[in-house]
Amino acid sequence: GFDGFQKMDLWDRALIFPTLGLFMLVAAQTLVKAVIPGSRRRVSSRSLLALGMLALIAVFALSFRDYHVENFVSSGVACLLTGLLHALPVALIVWLLLRRGFAVTPVAAGWIAGMLAGLAGIGVLELHCVNFEAAHVLVWHTAVIPVSGALVALAATIWQRLRRLGSS
């Protein structure tokens, strides 16, 4: 359900969800430019990851002020896996779209695609998770982005190597 969303106050909702939406929009635009050869990219995948993570960490730090830590690892791993599970369908859809273009650097495009999928996973977590401990959200929810990005970049690397072996 939307228990996390219902538990948030209006200020938190107005801060978190537009930030996620803006980050998703920038990631989607960067991804589109990554699969169009010769297009000008204003931000690298590393810069996008760093800036987006810093923005989300700042927003989460402003929104969540409960610094008690209970069941940090067990509830955190559950949220990380839930976020990644919900990022998976988005990653698959983005992968299908990426196949329509030509990524000059497939690994960088994979990072961006993974970030976009991870943002969808965080969106689901923010709607669902009622654990408003600051450390939990700052570490485990935010970790969905780099883990998802790394997994998709790894998949892109493997895919690229398999295609090279197949064409040799």
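**Packing, core and cysteines**

Analyst: In this predicted model, M115 is buried, its relative accessible area being 0%.

User: Which helix holds M115, and which residues does M115 touch beyond four places away in sequence?

Analyst: M115 is found in helix α5. Leaving out residues up to four places away in sequence, M115 touches S45, L48, L49, I145 and G149.

User: How far apart in space are the C-alpha atoms of M115 and G149?

Analyst: In sequence, M115 and G149 are 34 residues apart. G149 is also among the residues that M115 touches. From C-alpha to C-alpha, the distance between M115 and G149 is 4.9 Å.

User: At what angle do the axes of α5 and α7 cross?

Analyst: Two packed helices are described by the distance between their axes and by the angle between them. Helix α5 covers residues 106–128 and helix α7 covers residues 144–167. Their axes come within 7 Å and cross at roughly 145°.

User: What is the handedness of the crossing of α5 and α7, and how many nonpolar, polar and charged residues does the contact have?

Analyst: α5 passes α7 in a right-handed crossing. The residues making the contact include G110, G114, M115 and G118 of α5, and S148, G149, A153 and A156 of α7. By class, the contact has 16 nonpolar residues, 7 polar residues and no charged residues.

User: Which element gives the largest share of the largest nonpolar core?

Analyst: The largest nonpolar core has 41 residues. Two or more of its residues come from each of α2 (10–34), α3 (45–63), α4 (72–98), α5, α6 (134–141) and α7. The largest share is 9 residues, and the element giving it is α5.

User: Which residues touch the most other members of this core, and which residues does L31 touch beyond four places away in sequence?

Analyst: The residues that touch the most other core members are L31, L56 and I145. Not counting residues up to four places away in sequence, L31 touches V94, L98, A109, I112, A113 and L116.

User: Are C79 and C129 buried or exposed?

Analyst: The cut-off for buried is under 20% relative accessible area. C79 has 10% relative accessibility, and C129 has a relative accessible area of 8%. Therefore C79 and C129 both count as buried.

Methods
Residues are numbered from 1 along each chain as its sequence is written. This is a predicted model: local features need pLDDT of at least 70, side-chain atom pairs count only at pLDDT 80 or more; totals for chains, interfaces and linings use all residues. Side-chain values use heavy atoms; hydrogens and water are left out. Axes are lines fitted to C-alpha atoms, for helices over the stretch in contact, and angles run from 0 to 180 degrees between N-to-C directions. A crossing is left-handed if the near helix is turned anticlockwise from the far one by less than a right angle, and right-handed if clockwise. Contact means heavy atoms within 4.5 Å. Ala, Val, Leu, Ile, Met, Phe, Trp, Tyr, Cys and Pro count as nonpolar, Asp, Glu, Lys and Arg as charged, and the others, Gly among them, as polar. Buried means under 20% relative accessible area, exposed over 50%, partly exposed in between (1.4 Å probe, protein chains only). A nonpolar core is a set of buried Ala, Val, Leu, Ile, Met, Phe, Trp, Tyr and Cys residues joined through side-chain atoms within 4.5 Å.
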